[in-house]
Amino acid sequence: MEPLMALAIGLLYAAAIFMMLRRSIVKLVIGLLLLSNAANLLIFTTAGMTRGAPPLIPEGMLQPVGEVADPLPQAVVLTAIVIAFGVLAFAVVLIRRAYEIVKADDLDKMKDTDT
Amino acid sequence: MRPEVALPVLLPLLSGAISLLFWRSRPMQRFIAVAGNVALLLVSLWLFFAVLSDGYVTMQMGSWPAPFGITLIADMLSAVMILMTGIIGLAMGIYSLASTGRGHEKFGYYPLMHLLLAGVAGAFLTGDIFNLYVWFEVMLVASFALLILGGERAQMEGAIKYVTLNLLASVIFLTAIGLLYGTVGTLNMADIALRLNEAEHSGMVEVLAVMFMVAFGIKAAAFPLFFWLPASYHTPPVAVSALFAGLLTKVGVYSLFRVFTLMFDQTMGYLQDIMLWGAVLTMVTGVLGAAAQYEFRRILSFHIVSQIGYMILGLALYTPLAIAGGVFAIVHNIVVKTNLFLISGITHRLQGTYQLKKMGGLYRERPWLAVAFFISAFSLAGIPPLSGFFAKFVLVRAGLEAEAYVATGIALAVGFMTLYSMVKIWNEVFWKALPEDNHVPPSQTPVGDDGRLLKPSLWMMYLPVIVLAVMSLLIGVFAEPIMLVMNLIGDQLMTPTDYIEAVLGASASAESALITPGTQADLVGESMEETP
């Protein structure tokens, strides 16, 4: 399972960077979206894929028995998803406003503030 | 239970929340902006003196023991940064009252300011690497919204670059956290430091170190990752520019200091040269970029980049004295750079433009403003006896002791180049006569019935400027006691075992001495199962 995930994550990173290098601001935001998804999947995978073993402690014991899934990365991923959601919502509104003002879906037309 | 570690984070969050409740009441929001930031300053003083007497102040959130819960920890570096946050927060709170337009205030300027301060304070105090990411995002989201408040074309264009590159940095940071967790199985920074020291020196650790360096390098605007900064910092309302210039990039620098002295100290041999030349190139490109500019805030933005180089130079030399000098540079730069931006705001208010060519004659018109600018600008260039001189003096001495002669020489040369830019502003804005073709009306100015500027608003803009200029002077005059604190920081950062002990307790660090690298894998497995 892990090699497959690694491939998928690598593909996502590559696609994200490719999209971010395009001139269109819409594609830029799609790139950011893919990038954050890739990072989330990566965290999810780093802890190891454990199947059907929730980290529950049986009654009367202090530790879970046998090998269980690590819950911490899942909590981390959940937080990261929420943050990415908020930030990308902002990014979408930003490109909409930018499009309204600049009247172009083109990063090359947004060079006024560059030096 | 040490409430003073949590309060610098909680207070701005609380002020922001109360401020949101009074969404429609402008006077109330303005009152909270000042009162909340006064409270923040008092709490940061409390924390500073607590850390000064105890060395480390820690708090485990929810009373979960150390590697499992989130730790808040203040060492001397955090305490000093929090103190600067408090000072700049209050200065901005007062300055904003006069400089911020009603349109901006109506759309939540003050709540966002509080939220930004909460994010900055959280990043300085947390002892958990993922929590650091979360505070970075809190800070970023607030800064995004502040950056585009007003919605002018330049702001949108600047914001797209700012948002994209900062999100890219965040994702690199997050990826590095994920890989780090996969390698060591913990997120607590002290615990990570322990386990990385126990681990065999593998290529993975170096890859992680480089990822952290790139992520924080983007946030800190180091060469060659700084291009978002001069493209965006001169676009928002001037109080926002000043707040960003004073605090935001410094959070990136702080994180570099924290991560590379605590967690990746064993990779420094490998990264030191890269960081050193990165720092040197940051200084040079920043100052050369500024030399070509004729817009007040753009010159200052490029100088932020250049000054970041000095701070990273302190880290790259990696001796206690150099670290002390680097932190001195941070403290000095926060005061001086914020002040220069604030002054640019006043000159804009008086003459209606940021273009140096169109300005002039302010020395005759406003001598005290000219004096405040003189102090700040020449402090930035490192003229004795101002604060910048001592920061540079310590760094140069550390550089000579470490035998990095070329880097030290370039650092001194950059000082002269800085002086050139500052003299350029001085000549154009204050010394030369106002050009005849200046028809730009003073903008956003509350004008009375007789057509003159309303006094109280300007008074509120002058007050922070004068206080910060005096602070720069005092840092220079009382350099010795400040240097004592800086040396304490240098010693603390170079002995990470104390930090680890403060977080995990004495037993953990004693235990670590007994553990051999071979047993490390079992240890990780064990702790992951124990994780509640």
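The fold of chain A was examined next. Its secondary structure consists of three helices and zero strands, arranged from the N terminus as α-α-α. The C-alpha trace extends over about 65 × 25 × 25 Å along its principal axes. The radius of gyration of chain A is 20 Å, whereas a compact globule of 115 residues would have a value near 13 Å. Of the 115 residues in this chain, 29% count as buried. Among the contacts in chain A with a separation of 6 or more, 57% are made by residues 24 or more positions apart.

An unreviewed UniProt entry lists residues 6-21, 28-52 and 72-95 of chain A under "transmembrane region". Two of these spans can be set against the predicted coordinates. Residues 28-52 of chain A are 76% helix and 0% strand, with 38 Å between the end C-alpha atoms. Residues 72-95 of chain A are 100% helix and 0% strand, and here the end C-alpha atoms lie 34 Å apart.

Chains A and B meet in a contact to which chain B contributes 35 residues and chain A 33 residues. On the side of chain B that touches chain A, at least two residues are supplied by each of helix 6 (129-148), helix 7 (153-184), helix 10 (228-232) and helix 23 (520-530) of chain B. Helix 7 of chain B gives the most to this side, with 17 residues. By class, the side of chain B that touches chain A comprises 18 nonpolar, 11 polar and six charged residues.

The largest nonpolar core contains 238 residues, and B:V80, B:L116, B:M139, B:I312, B:V327 and B:I489 have the most contacts inside it. Helix 7 of chain B provides the largest share of this core, 18 residues. Beyond its neighbours within four places in sequence, B:I489 is in contact with B:M76, B:L77, B:V80, B:I323, B:A324 and B:V327.

Helix 12 of chain B (residues 268-291) has 24 residues and reaches 33 Å from its first C-alpha to its last, close to the 34 Å expected at 1.5 Å a residue. The buried residues of this helix are B:M275, B:L276, B:G278, B:A279, B:V280, B:T282, B:M283, B:G286, B:V287, B:G289 and B:A290. The buried residues of helix 12 pack against helix 10, helix 13 and helix 18 (405-431) of chain B.

Within helix 13 of chain B (residues 296-317) lies B:L315. B:L315 counts as buried because 22 C-beta neighbours are found inside 10 Å, the threshold being 20 or more. When residues up to four places away in sequence are not counted, B:L315 touches B:L256, B:F257, B:F260, B:M275, B:I323 and B:G326.

How values were computed
Residues numbered from 1 in each chain as written. Chains lettered and ligands numbered in written order. Predicted model: local features only at pLDDT ≥ 70, side-chain atom pairs only at ≥ 80, totals over all residues. Contact = placed C-beta atoms within 7 Å. Helix = DSSP H or I, 4+ residues; strand = E, 2+ residues; numbered from the N terminus. Nonpolar A, V, L, I, M, F, W, Y, C, P; charged D, E, K, R; others polar. UniProt positions renumbered as here; feature names shortened; annotations may be inferred. Buried ≥ 20, exposed ≤ 12 C-beta atoms within 10 Å, placed from the backbone. Rg over C-alpha atoms; globule rule 2.2 N^0.38 Å. Core = buried A, V, L, I, M, F, W, Y, C linked by C-beta atoms within 7 Å. Expected span 1.5 Å × (residues − 1).
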